[in-house]
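Colleague: Before I set up any calculations, could you take me through this model? I would like to go feature by feature.

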Amino acid sequence: MEYKDMRNFIVKGLYEFLQVPVIPTDNPNKKPKYPFISYKFTTLHKNQGGFNLLLEPIPSIDPNFEYDIEYTREEQPKMVISFSSYSLDDLEAIDLANKIKKWFNFKGRLLLKNNNLVVVECSDIQDRTIQIIDNYEKRYGFDVTLRYSSQSKLKVETIEKFKIKGGKV
């Protein structure tokens, strides 16, 4: 699954569950009306140490060769996404952050698992409130660590027969 697909799946699931806008944190556009949620991929690919390397013969597209070799590297890296809830009301922001976390811990966990994403951890909810001129924008958020499957493939053409000058093979 590509990052775009992962993002779209998570954003859609949160929106359907909470019925509030879910936007990128670094969104250059005008903010939506309160309350809303923002997200940011803070770690895209954290290696977990191990991987599988599979070798498989595949039919060659070169008519001179019967097979080529396809290498497949399989791994399960982690990613971290930061979520924040926004409101002008402290309790509304806290409540929304709790609902986001509940989605990842229950309903979202099952939906994500069925789409090859596993919730590893949800960090503690923290106060991320900021002052904007004379008002405070109430923000509460946490980070979600997900694990996903990743595959990379490489096709290597084989040499099945060769001639040595002056000899036969």
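Predicted model: local features only at pLDDT ≥ 70, side-chain atom pairs only at ≥ 80, totals over all residues.

Colleague: Which residues of H2 are buried?

Modeller: Ala93, Leu96, Ala97, Ile100, Lys101, Trp103 and Phe104 are buried in H2. These residues cover an arc of only 155° around the axis, so they are on the same side of H2. The arc is that of the directions from the helix axis to the C-beta atoms. Buried means under 20% relative accessible area, exposed over 50%, and partly exposed in between (1.4 Å probe, protein chains only).

Colleague: And what do those buried residues pack against?

Modeller: The buried residues of H2 pack against helix H1 (3-18), strand S2 (36-46), S5, helix H3 (107-113), strand S6 (117-122) and S9; contact means heavy atoms within 4.5 Å. The face turned away from the buried side carries the exposed residues Leu91 and Lys102.

Colleague: Changing topic, how many aromatic pairs are there?

Modeller: The count is 8 aromatic pairs. Rings of Phe, Tyr and Trp (its six-membered ring) pair if their centres lie within 6.5 Å; planes under 30 degrees apart count as stacked, over 60 as edge-to-face and the rest as tilted. Among them, Tyr39 and Phe41 are edge-to-face, at 6.4 Å centre to centre with 90° between the planes. Phe83 and Phe142 form a tilted pair, at 6.4 Å and 35°.

Colleague: Where do Phe83 and Phe142 sit in the chain?

Modeller: Phe83 is in strand S5 (residues 78-87) and Phe142 in strand S9 (residues 135-148), 59 residues apart, so the pair links distant parts of the chain. Phe83 is buried at 2% relative accessibility, and Phe142 is buried at 1%. Lys101 lies over the face of Phe142, at 5.9 Å from the ring centre. That label requires NZ of Lys or CZ of Arg within 6 Å of the ring centre and within 35 degrees of the ring normal.

Colleague: Next, Asp68: buried or exposed?

Modeller: Asp68 is buried, with a relative accessible area of 0%, and belongs to strand S4 (residues 67-75). Its side chain makes a polar contact of 3.1 Å with that of Ser60. A polar contact is a pair of N or O atoms within 3.5 Å; within protein, one must be able to donate a hydrogen and the other to accept it, and residues adjacent in sequence count only if both atoms are side-chain atoms.

Colleague: Finally, which peptide bond is cis?

Modeller: A cis peptide bond joins Tyr34 and Pro35, with omega about -10°. Gln19 has a positive phi of about 60° although it is not a glycine. Most residues other than glycine have a negative phi, and most peptide bonds are trans.

Definitions and conventions. Residues numbered from 1 in each chain as written. Heavy atoms only, no water. Helix = DSSP H or I, 4+ residues; strand = E, 2+ residues; numbered from the N terminus.
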